[in-house]
Amino acid sequence: MSKSPKAKNRAGKGQRGHYLLRLFMAGHGQNSQKALANLRSLCQEHLNGRCTIETVDVVKDFQAAVRDNILVTPALILVAPRPRVMVLGNLSDVPKVLAALRLSGSES
Amino acid sequence: MHGKRRPIPKVPTQIAGLDEVLEGGVPRGRTTLASGGPGSGKTVLGMEFLCRGAMAGEPGVFVTFEERAEAVRTNALSMGWDLAGLEKAGKVAVVEARLNGEEVLSGDFDIRGILAIVEGHAKRIRAKRVVMDALDVLLRVYGDPQRERNELYRLHDWLTDRKLTNVLSVKAQLDGNMAYRYEFLDFMADCVIRLDHRVVGQVATRRLRVIKYRGSGFGTNEYPYVIGGHGIVLFPLTQAELTHQPLGPKVPSGLAGLDAMLDGGFRSAACILIAGTSGTGKTTLACAFARTACRRKEKVLYLNFEESQEAMIAGMLSAGIDLRPALRTQRLMVQTALPEAMGSDNHLVRALEAIDSFKPAHLILDAISACVRMGSEQAAFDYLMRLVAVVKERGITCILTNQITGLLSGGEELSGIGFSSVVDAVIHLRFVDAGQEIGRQILIVKARGSGHSNRRESFYITDQGINFPNNLRLPSARAGQANPKDGGK
C-alpha cells in the first residue's frame with residue numbers, strides 16, 4: 001500500500017535487520033522438529049537472535065496453510081525483510097538456507 | 001465364506017457408459033487412477049465424477065495441481081456444471097495447489113501441508129469424494145522417484161484411512177521415463193483407467209481402457225469415447241449388442257407395390273439396406289417410407305450426409321413426395337452434416353443425442369457410402385455398428401441407403417463395408433436399358449422374418465411419386481414362391 005516503504009523502514013524503530021520467519025509444520029513430525037531445531041540454531045549463529053520465529057501447525061490451522069499456499073511441510077517463509085522467500089524442507093542444508101535468506105557473505 | 005466372491009461396494013460415476021464398463025462404478029472409499037496423455041480428458045473425467053456426485057448428494061473436494069481454480073471453474077461451466085454454485089452451496093471445494101517453482105529446497109519434506117488443507121475442506125463440506133488432478137505436477141517437486149513413491153503411499157494411506165472415494169489423475173507420456181515412473185501407481189490403485197487420445201486417418205479419436213479393478217470384473221475392451229457438450233460419453237459396444245429387440249410387426253413401406261413384394265411391408269425394428277447406383281431412387285424410397293410413417297403419426301429421424309434439408313425437400317417434391325407436413329408436425333426430424341465435419345465418434349454422439357431427445361420410431365441414414373468420409377472405412381464401420389446396435393436395442397426401424405458403383409452380378413457385399421450381417425432386409429435398385437429409355441428395377445435380395453418376392457420388378461419415379469406398372473397387389477400378385485421358412489427371427 002505504502003508508496004515509500006523505504007522511508008517507513010528507516011523510521012521503523014530498530015526494525016532494520018530484524019528477521020520475521022514463519023515456519024509451517026505438520027504436527028510433531030520428525031522433519032518438522034528437525035526444521036525448528038535447525039532454524040533456531042541458524043538464528044543464533046547467523047543473526048545473533050535478531051529474529052522472530054513464528055510457528056504454524058497446519059494440522060491445527062489449515063486456513064493458515066491456505067493463506068500462504070503451503071502444500072508441503074516443513075516450509076519456511078521469510079516474511080521480513082522483503083522480498084518474501086519460501087524454503088521447503090527440514091532446513092538441513094544450511095548454506096542453501098542462508099543463501100535463500102540472503103545471509104551468506106554478510107555474516108560468517 | 002470362501003468360493004463365492006462378495007461384490008465390493010461401488011460408487012456410480014454417472015458418466016455415460018462408464019458404469020457399464022466398470023460394472024457399477026468406481027470402488028467406494030478407494031483409489032481410482034486415471035492416466036493418459038495431454039488432451040485425453042483426465043481432468044474432465046475427474047471433474048464430471050465430482051460434479052455428478054455433488055449434485056447427487058456426495059460432496060467432494062477437487063484439488064488442482066496444474067490449472068488455476070478459476071480456469072477449472074470456467075472449464076466445468078462449459079460442460080454445464082456450475083462449480084461456483086456448488087461451492088457456494090457447500091457441496092464442492094476447489095483447492096488450487098500450485099507451487100510457483102521459486103521455492104528453495106533444503107532437506108526432506110512431505111505433502112502434509114496439502115493434506116491438511118484438503119482435510120480442512122473435507123470436514124467443512126463433509127466430503128465423500130476427492131479428485132486430485134495432475135498429481136504428477138505436485139510430485140515433480142521431489143525430482144526423485146523413491147521419494148515420490150513414499151509420498152504417494154502416504155497419500156494413499158491418508159485417503160484410505162478417511163474412506164474417501166478418490167480419483168487421481170496423472171499425465172502418462174508414452175515416451176521418456178514418465179510412464180515407468182508412475183508404473184507403481186498402477187499397483188497402488190484399486191482401479192486403473194487408461195485414457196488414450198490418438199489420431200487415425202487424420203481424425204482424432206479417444207479410447208478408454210480399464211487396466212485393472214481389484215475385486216471386480218470389468219469390460220476389457222478399448223471403448224471409444226468423446227468429450228461432448230455435457231461431459232464424457234462412452235460407447236460400450238459389446239454390452240449394447242446383447243440386448244437387441246426381436247423384429248416387430250409389419251410396418252408399411254409407404255409404397256403399395258413394395259408392400260406387395262414384401263408380403264405386407266418391412267418388419268419394424270428391422271435394419272433395412274437399400275443399395276443401388278447413383279440416381280436409382282434410394283432416397284426417394286426412403287422418403288416415401290418417412291412420409292407414410294409420419295402420416296401414421298410415427299416419428300422419423302433422418303440423418304442426411306448427402307444434401308441439405310432444403311435440397312432434400314425440394315428434390316422429393318419433384319418426385320411427388322411432400323415432406324413438408326411431416327416437418328411441420330415435427331414428426332420428421334432431419335439432421336444433416338458433412339461427414340468430414342467431425343470424427344465418427346462425434347457423429348455418433350450427435351445421432352445418439354437426437355435419438356435420446358426425439359425418440360423416433362424409425363431412423364433413416366442416407367447414405368452409408370458417405371460415412372467413409374468420416375475418416376476411414378474402419379471409422380465408418382464403427383460408427384454404423386454402434387449406431388445400429390443402439391437402434392436395435394431400442395426397437396427402432398432403421399433404413400440405410402448405400403450408393404454402390406457398377407452393376408450387381410450376384411454375391412456382392414451390398415453394404416460396401418462388410419456390414420451385411422446386421423442387416424435384416426436388403427433391397428437392390430438398378431437401371432435397365434429398355435431400348436428407347438432407361439428403366440428402373442427393384443429386387444428384394446433378402447428379408448429376414450418375412451416372405452418376399454424373388455422377382456425384379458420395374459418401377460417408375462414420376463412427379464406423382466413411385467409407380468409400379470405391374471400393378472402389384474397383396475398377396476396374389478406375388479410372383480415367385482417366397483420361402484415360408486424364411487420367417488422366424
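Because the model is predicted, local features need pLDDT of at least 70 and side-chain atom pairs count only at pLDDT 80 or more, while totals for chains, interfaces and linings use all residues. Residues are numbered from 1 along each chain as its sequence is written, and chains are lettered from A and ligands numbered from 1 in the order in which they are written.

## The two chains

Helices (DSSP runs of H or I, at least four residues) and strands (runs of E, at least two) are numbered from the N terminus. Chain A holds 4 helices and 4 strands, which follow one another from the N terminus as α-β-α-β-α-β-β-α. Chain B has 17 helices and 23 strands.

A residue counts as buried if 20 or more other C-beta atoms lie within 10 Å of its own, as exposed if 12 or fewer do, and as partly exposed in between, with C-beta atoms placed from the backbone. By this rule 31% of the 108 residues of chain A are buried, and 48% of the 489 residues of chain B. Two residues are in contact if their C-beta atoms, placed from the backbone, lie within 7 Å. Among contacts in chain A between residues at least 6 apart in sequence, 59% join residues at least 24 apart; for chain B the value is 72%.

Strands of a sheet pair through backbone hydrogen bonds, either parallel or antiparallel. Here two strands are taken as paired if DSSP finds at least two bridges between them. An open sheet of 5 strands, with mixed pairing, has the order β2(A)-β1(A)-β3(A)-β4(A)-β6(B). Its edges are β2 (51–57) of chain A and β6 of chain B; each has a single partner strand, so one side of each is left without a neighbour in the sheet.

Within chain A, β3 (residues 75–80) pairs with β4 in the antiparallel sense over 4 bridges, and A:L76 stands opposite A:V87. A:V87 also stands opposite B:V104 in β6(B). Helix α2 (residues 30–47) of chain A lies across β1 (19–25), β2 and β3 of chain A and runs at about 170° to β1(A). Such angles run from 0 to 180 degrees between N-to-C directions, and axes are lines fitted to C-alpha atoms, for helices over the stretch in contact.

| Strand pair | Sense | Bridges |
|---|---|---|
| β4(A) (residues 85–88) and β6(B) | parallel | 2 bridges |
| β4(B) (residues 60–64) and β5(B) | parallel | 5 bridges |
| β18(B) (residues 362–366) and β19(B) (residues 397–403) | parallel | 5 bridges |

## The contact between the chains

In the interface, 20 residues of chain B are in contact with 28 residues of chain A. On the chain B side, β6 (104–105) and α5 (112–125) each supply at least two residues, and α5(B) gives the most, with 7 residues. This side of chain B divides into 11 nonpolar, 4 polar and 5 charged residues. Ala, Val, Leu, Ile, Met, Phe, Trp, Tyr, Cys and Pro count as nonpolar, Asp, Glu, Lys and Arg as charged, and the others, Gly among them, as polar.

## Elements within chain B

In β5(B) (residues 92–96), 4 of the 5 residues are buried. B:V92 of this strand is the bridge partner of B:G60.

Chain B also has an open sheet of 9 strands with mixed pairing, in the order β17-β16-β18-β19-β15-β20-β21-β22-β23. At its edges stand β17 (332–336) and β23 (465–467), each with a single partner strand, so one side of each is left without a neighbour in the sheet. Neighbouring strands of this sheet are turned by 25° against each other on average, direction ignored. B:I364 stands opposite B:I399 in β19(B).

B:Q464 is found in the loop between β22 (457–462) and β23 of chain B. B:Q464 is exposed, with 10 other C-beta atoms within 10 Å. B:Q464 and B:L317 are 147 residues apart in sequence, and their C-alpha atoms are 9.1 Å apart.

Helices α15 (residues 344–358) and α17 (residues 377–393) of chain B pack at an angle of about 20°, with their axes 9 Å apart. The two helices are therefore roughly parallel to each other, a term for angles under 35 degrees. Their contact has 9 nonpolar, 2 polar and 2 charged residues.

Notes. Parallel < 35°, antiparallel > 145°, perpendicular 65-115°, else oblique.
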